[in-house]
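Please keep the sequence and the model in view while reading.

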Amino acid sequence: MKILSGTSNQRLSKDISKQLKLKLINTNIKRFADGEIYIEINENIRGNSVFVIQSTSTPANDNLMELLLCIDALRRSSAKNITAVIPYFGYARQDRKVAPRTSISAKVVSNLITNAGANRIVTVDLHAGQIQGFFDIPVDNLFTTPLFARYIKRKFKTKNLVCVSPDVGGVQRTRGLATKIKADLAIIDKRRPEPGKSEVMNIIGDVKGKNCIIVDDIIDSGGTIINAVEALKKEGAIDVFVFITHAVLSGEAVDKIKKSKIKKLIITDTIDNTLKIKNNSKIEVISIAPLMAEAINRISNSTSVSDLFN
Ligand code: R5P
């Protein structure tokens with residue numbers, strides 16, 4: 001087995017390879033003056049099982065293209081099989097036709113990755129589980145729930161906890177966490193009047209006098225979470241902690257979080273935000289590297305990945 005890192009999250013790739021006690025494949029990935037991408041693999045990988053690690057985070061199109069070219073280079077170098085490890089799968093939110101004449105971008109991206117030559121996908125907290133069906137190759141979707149549950153059990157002494165889903169789409173994920181930490185469940189009825197804007201309509205469940213744990217797959221502009229925190233506080237919640245897998249943190253999100261009533265935002269490193277969140281004591285990062293390394297190990301040894309979550 002060998003590991004190849006794209007350039008979107010080299011920190012995470014290094015951490016994963018360290019866990020696996022493997023060196024990253026020696027590559028030359030650069031941009032031509034016009035922005036085109038050049039990939040060269042500087043070592044023999046003939047007959048190897050290769051895991052390419054690349055989040056398709058911002059700049060999403062460049063990082064996606066880089067992933068496709070890495071897969072193509074590996075295929076043309078006679079790798080035995082190629083697993084695309086995509087910690088953050090960009091375009092996953094466009095998973096259906098939201099209006100009569102829109103594209104289903106997640107499906108287009110899935111086709112591109114398969115056609116480039118990937119034999120398997122590994123990703124984390126896919127925005128919608130059904131995206132697995134957009135691929136005709138195996139997809140291992142890893143979950144952060146056990147990671148978050150362990151953190152909460154270690155750090156939160158209070159029993160007065162309620163897990164809150166910031167929208168109806170996140171109920172299954174939130175219920176999973178609530179069950180693991182033996183907390184109550186509440187649901188926010190969120191409405192999106194237009195893309196990028198969100199409004200809280202109702203809170204279903206009892207949050208008065210409780211410490212709330214919001215859990216979501218993505219924080220992007222921060223609108224969903226900040227509105228949810230405001231609404232929970234208005235309903236009498238004590239402190240609100242937020243657990244997010246993919247910290248997209250676009251635009252002014254980091255500043256908005258700093259000024260918000262969020263007690264603490266806990267994110268993972270599926271996207272490298274080291275510079276963005278520097279000196280921000282409100283945001284803490286839990287690494288996904290040990291979980292990803294273990295999943296890669298299990299795939300390589302043909303042992304169960306789902307057992308990791310039982
Ligand atoms: C939506 O369904 C996702 O789970 C997130 O809640 C959403 O993408 C967050 O976006 P924003 O931070 O821009 O409100």
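**Surroundings of Glu-43**

Glu-43 touches Lys-2, Leu-24, Ile-25 and Asn-26, leaving aside residues up to four places away in sequence; contact means heavy atoms within 4.5 Å. The model is predicted: local features need pLDDT of at least 70, side-chain atom pairs count only at pLDDT 80 or more, and totals for chains, interfaces and linings use all residues. Residues are numbered from 1 along each chain as its sequence is written, and side-chain values use heavy atoms, with hydrogens and water left out.

- The side chains of Glu-43 and Lys-2 make a polar contact at 3.0 Å (a pair of N or O atoms within 3.5 Å, one able to donate a hydrogen and the other to accept it; residues adjacent in sequence count only if both atoms are side-chain atoms).
- Gln-10 is 33 residues from Glu-43 in sequence and 19 Å from Glu-43 in space, C-alpha to C-alpha.

**Two domains**

- The domain assignment gives domain 1 (2-142 + 290-309) and domain 2 (145-287); such bounds come from an automatic or database assignment.
- The centres of domain 1 and domain 2, taken over C-alpha atoms, are separated by 27 Å.
- In the contact between them, 15 residues of domain 1 meet 15 residues of domain 2.
- Two salt bridges are counted between domain 1 and domain 2 (a side-chain nitrogen of Lys or Arg within 4 Å of a carboxyl oxygen of Asp or Glu).
- Arg-11 forms a salt bridge with Asp-272, with the closest N and O atoms 3.6 Å apart.
- Nine residue pairs are in polar contact across the interface of domain 1 and domain 2, both residues being at pLDDT 80 or more.
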